[in-house]
Each structure stands twice: as C-alpha cells, then as structure tokens.
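Please read the following points with the sequence and the model side by side.

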Amino acid sequence: MRARAPAKLPVQDARRIPAHLLRRSQVRLAARAAYLVARRTAATLTIERRLGVETARELGLAELGLDARERCRYEPSAWHALRRILAPEEIGADDVFLDVGAGKGRVLLQALRYPFKRVIGVELSPQLAAIALGNLARCSDPVMAGAHEVITADATRFPIPDEVTVIYMFNPLRGAAFRELLARIGESVERRPRPLRLIYNTPLEEAALLESGLFLPLRAVRGRRPGRAWAEKTAIRMYVLRAELCGGDSEHGATR
Ligand SMILES: C[S@@+](CC[C@H](N)C(=O)[O-])C[C@H]1O[C@@H](n2cnc3c(N)ncnc32)[C@H](O)[C@@H]1O
C-alpha cells in the first residue's frame with residue numbers, strides 16, 4: 001500500500017538500472033496489478049453481491065479532491081482481515097471499535113460481526129463516509145447490524161473517543177501525519193488510561209509506532225499476497241498499549 005503509486009521510474013533513475021532488472025520489476029508490478037484486479041472481481045462477484053454492498057473499487061484521493069502526500073488512497077482490506085488477527089472471544093461487552101480511515105466501511109462491516117458495544121469509523125472524505133453509511137444501511141446480513149457511526153473528519157485532528165479499546169488501521173497515513181495520529185491516541189490514553197489494542201494492516205510506519213513508546217507488538221499474521229516479500233509487507237499486526245499507560249488494569253497491557 002503506497003500513498004500514491006509512481007507510474008514509472010524517473011528517467012535518470014531508470015537509466016542507471018540494468019535493462020533486465022528494470023524489465024523484471026515492470027513484470028512484477030504488472031503481475032501484482034493483475035492479481036489485485038482478479039481478487040477484486042472475485043470479491044465483487046461473491047461476497048459483495050451476496051451482502052448488497054460495494055466496497056471493492058479503489059479510489060484515489062485526487063479523484064475526491066483531497067490528495068496530499070501523507071494521506072493514503074482508498075483501498076479495502078481483505079474481507080477476512082479482521083477475523084485473521086482478532087478472535088470474537090477476545091471482545092467483551094464494553095469494547096468499542098474504531099477504524100481510522102474507514103473508507104467504504106468494509107472493516108466496519110467485519111467489526112459488526114463481533115460483540116462490540118459500538119463500531120465507529122472516521123473517514124476524511126465525505127463521499128467515502130457516505131458510501132460507508134450506505135453500505136452499512138444496505139447490508140443484507142442481519143449479523144452486521146449493531147450500533148455504529150461514521151464520522152467525517154481528518155484523523156490527524158480528530159480526538160480519539162475515550163471509550164475506544166480496539167483501533168484498526170490499514171495505512172491511512174504516512175510520515176508526520178501518522179505521528180500526529182499517534183499523538184491523538186496518546187492524548188486519549190492520557191485522558192482515560194485503559195487497555196487498548198491496535199491492529200495495523202500493512203504496517204508501513206511500524207518504526208514510528210514503536211518509537212512512540214505507546215505500544216508493544218503482540219502478534220502478527222502474514223499477508224495472503226503471493227511471494228514472500230509481498231506477504232511480509234502486507235502482514236497484519238496487533239499491538240497492545242504498554243501496561244503503565246493502562247491505568248489500574250495492567251492485566252491487559254504489555255510489560256516488556
Ligand atoms: C487504505 S484505505 C483503508 C480503508 C478501510 N479502513 C479498509 O481497511 O477497508 C485508507 C483510508 O484512509 C483514508 N484517509 C486518508 N487520510 C485520512 C485522514 N487524514 N483522516 C481520515 N481518513 C483518512 C482514505 O480516504 C482511505 O479511505
């Protein structure tokens with residue numbers, strides 16, 4: 001997942017790369033693009049049609065007039081992303097879920113299958129937020145019908161609700177914007193110390209996350225993309241808030 005995919009290498013860089021390596025990387029990019037189209041078509045024909053929702057089509061933020069270097073485009077998580085990293089038994093009646101950069105709501109729909117008290121999405125684009133709400137309203141699966149809301153806001157300025165106990169993100173932000181988001185999480189925990197789990201899909205900013213000193217890694221599952229490097233890059237990781245930030249409830253915090 002990149003903020004914006006460069007179509008081609010800049011000419012001066014391309015000249016320095018041997019022709020056979022350049023060809024190989026172009027073939028790899030084309031193969032990945034074909035793979036993603038095939039997966040999207042399969043998801044549309046099966047899961048999306050059955051549920052009566054549309055979350056598969058990717059959208060660049062430039063198309064929505066919200067393009068900026070550190071904001072990532074809309075691309076959905078896999079339909080089983082949440083289930084692969086989080087078991088329903090790990091969720092209690094007081095847990096509240098937040099998807100930062102909720103897009104068209106695919107992960108909100110997945111979260112509604114868990115016994116969360118509430119499921120919240122925050123999304124920068126009003127158009128995407130409206131699509132997410134439409135999907136949540138139209139979804140024909142009664143299991144995916146719990147308390148939910150989708151808030152249109154910039155996640156770098158949005159105060160994280162203090163009842164949130166599970167945060168999900170699929171690379172909404174990079175660089176300084178990602179660090180701003182971490183600051184908002186830190187503020188929420190300072191206001192109300194509590195156990196907090198963070199699920200990070202394709203964690204391109206993992207170094208910044210660990211440097212923040214807020215979270216420690218708990219577990220990970222590899223991405224289901226073909227090839228070792230791509231599968232590693234698209235892993236889903238779970239982190240837990242450091243025990244000393246959880247307030248009295250250090251049972252669920254990490255102490256390493
Ligand atoms: C890779 S998509 C993930 C969508 C969804 N969470 C999922 O996994 O299916 C990233 C989303 O982050 C949103 N986004 C980018 N910058 C944002 C910001 N500053 N505040 C809130 N959302 C943002 C994009 O519009 C996009 O919908």
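1. Glu 187 counts as exposed, because it has 12 C-beta neighbours inside 10 Å; the rule is that a residue with 20 or more other C-beta atoms within 10 Å of its own is buried, one with 12 or fewer is exposed, and one in between is partly exposed, with C-beta atoms placed from the backbone. Glu 187 belongs to helix 6, where helices (H or I, at least four residues) and strands (E, at least two) are DSSP runs numbered from the N terminus. From Glu 187 to Leu 45 the separation is 142 residues in sequence and 42 Å in space, C-alpha to C-alpha.

2. A word on the source: this is a predicted model, in which local features need pLDDT of at least 70 and side-chain atom pairs count only at pLDDT 80 or more, while totals for chains, interfaces and linings use all residues. Residues are numbered from 1 along each chain as its sequence is written.

3. Which residues of helix 6 are buried? They are Phe 178, Leu 181, Leu 182, Ile 185, Ser 188 and Val 189. Seen down the axis of helix 6, these buried residues fall within an arc of 115°, so they line one face of the helix; the arc is that of the directions from the helix axis to the C-beta atoms. The exposed residues on the other side of helix 6 are Ala 176, Glu 187, Glu 190 and Arg 191.

4. The buried residues of helix 6 are covered by elements that include strand 1 (96-100), strand 4 (166-169), helix 7 (206-211) and strand 7 (236-241), where contact means that the C-beta atoms of two residues, placed from the backbone, lie within 7 Å. As for length, the 17 residues of helix 6 (residues 175-191) should span 24 Å at 1.5 Å a residue, and the end C-alpha atoms are 25 Å apart, which agrees; the expected span is 1.5 Å times one less than the number of residues.

5. Helix 5 (residues 126-138) can be checked in this way too: its 13 residues should span 18 Å at 1.5 Å a residue, and its end C-alpha atoms are 18 Å apart, which agrees. Buried in helix 5 are Leu 128, Ala 129, Ile 131, Ala 132, Leu 133, Asn 135 and Leu 136, and their cover includes helix 4, strand 2 and strand 3 (148-152).

6. The largest nonpolar core has 57 residues, and those with the most contacts inside it are Leu 108, Ala 111, Ala 132 and Ile 167. Helix 5 gives the most to this core, with 6 residues. A nonpolar core is here a set of buried Ala, Val, Leu, Ile, Met, Phe, Trp, Tyr and Cys residues joined through C-beta atoms within 7 Å. Leaving aside residues up to four places away in sequence, Ala 132 touches Ala 102, Gly 103, Lys 104, Gly 105, Leu 108, Gly 121, Glu 123 and Val 150.

7. How many residues surround the ligand? There are 26, and the closest are Ser 77, Gly 101, Gly 103, Phe 170 and Pro 172. Helix 4 (106-111) and strand 2 (118-123) are the elements that give two or more residues to this shell. By class the shell has 14 nonpolar, 6 polar and 6 charged residues; Ala, Val, Leu, Ile, Met, Phe, Trp, Tyr, Cys and Pro count as nonpolar, Asp, Glu, Lys and Arg as charged, and the others, Gly among them, as polar.

8. Asn 171, in the loop between strand 4 and helix 6, has a positive phi of about 45° although it is not a glycine, and with 22 C-beta neighbours inside 10 Å Asn 171 counts as buried. Thr 202, in the loop between strand 5 (197-201) and helix 7, has a phi near 55°, a positive value in a residue other than glycine, and Thr 202 counts as buried, with 22 C-beta neighbours inside 10 Å.

How values were computed:
A residue is near a molecule or strand if its C-beta atom, placed from the backbone, lies within 6 Å of it.
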